[in-house]
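I opened this notebook to record what I looked up in the structure. The entries follow the order of the look-ups.

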Amino acid sequence: SADWAEAVSWSGRLTESVEAAQRALASGLARERELALRAHLARSLRWQGNPGAAFEQAIGAASDELELLAEAALAAVFSQRVEEGRKLAQRVLTSDVGGLAECIALSAYCFGSFLSGHWSEALVAGARAVAIGEASADVMAIAQPRIYYRHVLPVCCVYAACVQHLLHGRV
């Protein structure tokens, strides 16, 4: 079931979670539940180290669903489609969005900006992502691996600031 797919992923059983999610999606779900499960499936695939499949899963059903677009943006960046990921993240961030979708989109935009040499943009997006992740009351945002918000993004931001200073004498 969809609930089982989500529950087992939080215990680290990602392969079982992906298989359960795929079975639940094949059985047919209400649209809102389907979108939530597809976002979860994309996260599980990304956590398994398969960002290409995560991207395909998210973008295939995304249309205007902001959380799926944000997941697609992050998966695109992790699968070396950096500019595509940045554009998808910008699309999410220019919408009236908040919570988990905004945090994921900011993470994608930060990583994408960092990897493409847009240091100032990486700093701004990273700082916003960290602030939202730390202040979130959204259950899913709290359950997300905090490594993005507490470790990776701040390190990217510090590195970007150092490079900016070395290249331009300013941050």
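**Nonpolar core**

I began with the largest nonpolar core, which has 46 residues; Leu37, Leu41, Phe55, Leu68, Leu88, Ala89 and Val92 have the most contacts inside it. Helix H7 (residues 99–115) gives the most to this core, namely 10 residues. I took a nonpolar core as a set of buried Ala, Val, Leu, Ile, Met, Phe, Trp, Tyr and Cys residues joined through side-chain atoms within 4.5 Å. Helices are DSSP runs (H or I, at least four residues), numbered from the N terminus.

**Basis of the entries**

I note that the model is predicted, that local features need pLDDT of at least 70 and side-chain atom pairs count only at pLDDT 80 or more, while totals for chains, interfaces and linings use all residues. Residues are numbered from 1 along each chain as its sequence is written, and side-chain values use heavy atoms, with hydrogens and water left out.

**Alanine 89**

Leaving aside neighbours within four places in sequence, I found alanine 89 in contact (heavy atoms within 4.5 Å) with Ala73, Ala105, Ala108 and Tyr109.

**Serine 17**

I located serine 17 in helix H2 (residues 14–27). Serine 17 counts as buried because its relative accessibility is 1%; buried means under 20% relative accessible area, exposed over 50%, and partly exposed in between (1.4 Å probe, protein chains only). Beyond neighbours within four places in sequence, serine 17 contacts Ala5, Val8, Ser9, His40 and Ser44.

**Tyrosine 159**

I placed tyrosine 159 in helix H10 (residues 147–168). Its relative accessibility is 47%, so tyrosine 159 counts as partly exposed. With neighbours within four places in sequence set aside, tyrosine 159 contacts Phe114 and Trp119. Tyrosine 159 and tryptophan 119 are 40 residues apart in sequence, and their C-alpha atoms are 8.7 Å apart in space.

Conventions:
Helix = DSSP H or I, 4+ residues; strand = E, 2+ residues; numbered from the N terminus.
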